[in-house]
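Here are a few notes to go with the structure, for someone meeting it for the first time. Have a look at where the two chains meet, then read on.

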Amino acid sequence: MEQLLNYFGENMEMIYFLILAVLLGVEVISNVPAILHTPLMSGANAIHGVVVVGAIIVMLHAAPDNYLALTVGFLAVVMGTLNVVGGFVVTDRMLEMFKKKPKKS
Amino acid sequence: MISLNILEICYLFASLTFVIGLKMLSHPDTARKGNLFAAAGMLVGILATLTLYQTFDPDKMVNYILIGLGLLVGSVIGTVMAKKVKMTAMPQMVSFFNGMGGACAALIAIIEFQHHDPAMVSSLLNGEMLVMLMGLVIGGVSFSGSMVAYGKLEGKIKDKTLPFNQIINNSLFLVIIILIIILMTGQSINNPLFYVLMVLALIYGILFVMPIGGADMPVVISLLNSFTGIAAALGGFLYGNKAMLTGGILVGSAGTILTILMCKAMNRSLLNVLLGAFGGTAGGVGKSADGEQSAREISISDTAVLLSYSQRVVIVPGYGLAVAQAQHSCHELEKLLEEKGVEVSYAIHPVAGRMPGHMNVLLAEADVPYERMQEMEEINPKLSQVDVVVVIGANDVVNPAAKNDPSSPIFGMPILEVDQAKNVIILKRGMAAGYAGIENELFFYPKTRMLFGDAKDSLQKLVGEVKAI
């Protein structure tokens, strides 16, 4: 328990950061027209793909002969990239369609 | 170290683009730029990690090659999938990508767990362990849950409720908590319980989504989306990585708000959705047609005449429109009617389709102008002046039981009050109940006519008929 408290104590800065980020997220998202809910969800989905940065760090840490870590890390990088790239491309495709305003007809 | 400072600045930049990008995504005019902006920040973050996180070590060539390969493979597959997916399949695509992110977070936790070699264990803080375990559990639940949601929306997995599903889920949840506590306080290295925990998290994800009905899937996807965000943030906490922390937490909180907004639109609590109340209790509910009631059909040609000689027509799209891929035919009909001087607009219920905004995306794909899509609050007061409402593949969102039958499971949900209009035409494949499994008395109203058949097929025939008039 003491260790746990120590951990929190040492990471207080991060915890403040965390709380403020939560409030920021709430603030940013409020008052979104329903029309944008799906693209927004999709865009947010792409943003949490930032987890791929963690996968890269894991790979950088891994010893070159630790094949298990390298394999699992490789999988993590692939999946994280899928999340990022796929997420942003899908969102862009959705939003592209909103761009086409009536001008054409 | 100069390079580490530059790295931190890159992360700061990435975090800023996430915040600003998300903000821009919430306004129609800036949304697309916002998305690209966040993507650019992401690219900077990834490149900076690759080049600045540690000085290049020739011994680790294999690692670099594998990272490069991973990024390449992920990018190619991701782009192809995202480009090829049909607009109607968008929700499950988002769910799939979300699952990938969750899996990534869980895998990171697994490697980190193994990384801590025995020599370092004395310095292994319990707090760090907690962060790791939570990353594993939340990432795992998000992965398996998203995959089930994906399968359900693809129609590959049916809704299933195990007997005592709720009790099983709760006990599983309890076991997971106990395991986390054991692992946190335990001293042993590479405790096999860790893998038991992983498997349990995966099972929990499956059981968690399994009983939830198709109509509630968007809520679940949104919730899992915020789960993955939290898992990513936990990873950031582990490494003291601010970009991961901001990105993850932003999505975690934004996703939660979005989930709550969606539940509100259906006038249900999140708990209610998660317990799968529609599927569970709504079995034979409501005034399931008193037997004598019968719906009246209308022919294609009568519909064409009725529409052509109306002044105001409102189209209510639902999931059926997406399934039948009828958005283009629908737009064609709308244009034809406009040429004939009929005022046509679309009434979009906030939870029509499988995701909020699903219908907007779909109609936009067919070039329907933005201004013509009206939200529920906007159009409801005007519905009494409308001559014909055409309901295409929607059901629960126009069910008057939500207003006047307190015993109905959807009672209290705001609906499009189409029964105010002079005529209602319902395009539907058959008399089956909607996703909520509730009889819709609207179908039996005297002013309602049914036009049975595949939505696309009916609309195409209608276009032909209207042209002929």
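1. Start with the polar side of things: 16 residue pairs are in polar contact across the interface of chain B and chain A, both residues at pLDDT 80 or more. A polar contact here is a pair of N or O atoms within 3.5 Å; within protein, one must be able to donate a hydrogen and the other to accept it, and residues adjacent in sequence count only if both atoms are side-chain atoms.

2. Which elements of chain B give residues to this side? Those giving two or more include helix 1 (2-25), helix 2 (31-52) and helix 3 (61-84). Helix 3 of chain B has the largest share, with 18 residues. By type, the side of chain B that touches chain A splits into 63 nonpolar, 32 polar and 14 charged residues.

3. A caution: this is a predicted model, where local features need pLDDT of at least 70, side-chain atom pairs count only at pLDDT 80 or more, and totals for chains, interfaces and linings use all residues. Residues are numbered from 1 along each chain as its sequence is written, chains are lettered from A in the order in which they are written, and side-chain values use heavy atoms, leaving out hydrogens and water.

4. In contact terms (heavy atoms within 4.5 Å), 109 residues of chain B meet 84 residues of chain A.

5. There is one salt bridge between the chains, meaning a side-chain nitrogen of Lys or Arg within 4 Å of a carboxyl oxygen of Asp or Glu. Asp92(A) pairs with Arg32(B), with the closest N and O atoms 2.9 Å apart.

Key:
Helix = DSSP H or I, 4+ residues; strand = E, 2+ residues; numbered from the N terminus. Nonpolar A, V, L, I, M, F, W, Y, C, P; charged D, E, K, R; others polar.
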